[in-house]
Amino acid sequence: MTSEFVQPVSGPSRRTVVAAVGAAGLAAALTACGSDDGASDSSTEQGAAGGGATTESGGGSSPGAGGAALAKTADIPEGSGKVFSDEKVVVSQPAAGDFKAFSTICTHQNCPMTDLKEDTLSCACHGSQFSVLDGSVKKGPATQPLAAKQISVSGDSITLA
């Protein structure tokens, strides 16, 4: 009698399968977190961490050159800001005459935020907190700053670019 040794057919290990599924899930989550409604130019969203959130123009305004008028400069308190829920943006005034704008969509899990107290925008979903003065994370679980938004300041009018 001959005994044949048959090697079992080996597939990927459980660890390999779990790692692959995890990597695919992470890629999908990062893609979802990094996207918006697709209507905006991604180059305007990329400058979020650099703080260059605003475009100030001293010249006249051209019809059709910008977006919707948000507020008057006097409406934005110095050292704080104002949330514009419909536009999903918060406009702040870190120092007199310096205006910045950031998305009000939490970078943790894309929850809309409207709870602004002094200079802190809070997310009701998981408790993340952000500075409206520079978009930075004050308290997690979020780890990424708020996305900067482009605004124009002309005279006493603030316009979403």
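Student: Taking contact to mean heavy atoms within 4.5 Å, which residues does Cys106 touch, not counting those up to four places away in sequence?

Tutor: Cys106 touches Cys111, Met113, Cys123, Ser128, Phe130 and Ala142. Before we go on, this is a predicted model, where local features need pLDDT of at least 70, side-chain atom pairs count only at pLDDT 80 or more, and totals for chains, interfaces and linings use all residues. Residues are numbered from 1 along each chain as its sequence is written, and side-chain values use heavy atoms, with hydrogens and water left out.

Student: And how many residues has the largest nonpolar core?

Tutor: It has 14 residues, and those with the most contacts inside it are Val90, Cys106, Met113, Leu121, Phe130 and Leu146. Another core, of 12 residues, lies apart from it and includes Ala101, Ile151, Val153 and Leu160. A nonpolar core here is a set of buried Ala, Val, Leu, Ile, Met, Phe, Trp, Tyr and Cys residues joined through side-chain atoms within 4.5 Å. Buried means under 20% relative accessible area, exposed is over 50%, and partly exposed falls in between (1.4 Å probe, protein chains only).

Student: OK, sheets. What's the order in the open sheet of three strands?

Tutor: The order is S3-S4-S5, with antiparallel pairing. S3 (81-84) and S5 (98-103) stand at the edges with a single partner strand each, so one side of each is left without a neighbour in the sheet. The twist averages 20° from one strand to the next, with axes being lines fitted to C-alpha atoms (for helices over the stretch in contact) and angles running from 0 to 180 degrees between N-to-C directions. Strands are DSSP runs of E of at least two residues, helices are runs of H or I of at least four, and both are numbered from the N terminus. Two strands pair if DSSP finds at least two bridges between them.

Student: Why is S4 largely enclosed by the rest of the structure?

Tutor: Five of its seven residues are buried, so S4 is largely enclosed. Five bridges join S4 (residues 89-95) to S5, and four bridges pair S3 with S4. Ser92 has Lys100 as its bridge partner in S5, while Gly81 stands opposite Ser92 in S4.

Student: Which residues take a positive phi in those hairpins?

Tutor: In the S3 and S4 hairpin, with four residues between the strands, Lys88 has a phi near 55°. In the S4 and S5 hairpin, with two residues between the strands, Gly97 has one near 80°.

Student: Switching topic: how many salt bridges?

Tutor: Three, where a salt bridge is a side-chain nitrogen of Lys or Arg within 4 Å of a carboxyl oxygen of Asp or Glu. Asp156 pairs with Lys72, the closest N and O atoms being 3.9 Å apart. Asp156 lies in the loop between S10 (151-154) and S11 (157-160) and Lys72 in S2 (residues 69-72), so the pair ties together parts that are 84 residues apart in sequence.

Student: Are Asp156 and Lys72 buried or partly exposed?

Tutor: Asp156 is partly exposed at 43% relative accessible area, and Lys72 is partly exposed at 42%.

Student: What does Asp119 form a salt bridge with?

Tutor: Asp119 bridges to Lys138, with closest N and O atoms 3.0 Å apart.

Notes:
Contact means heavy atoms within 4.5 Å.
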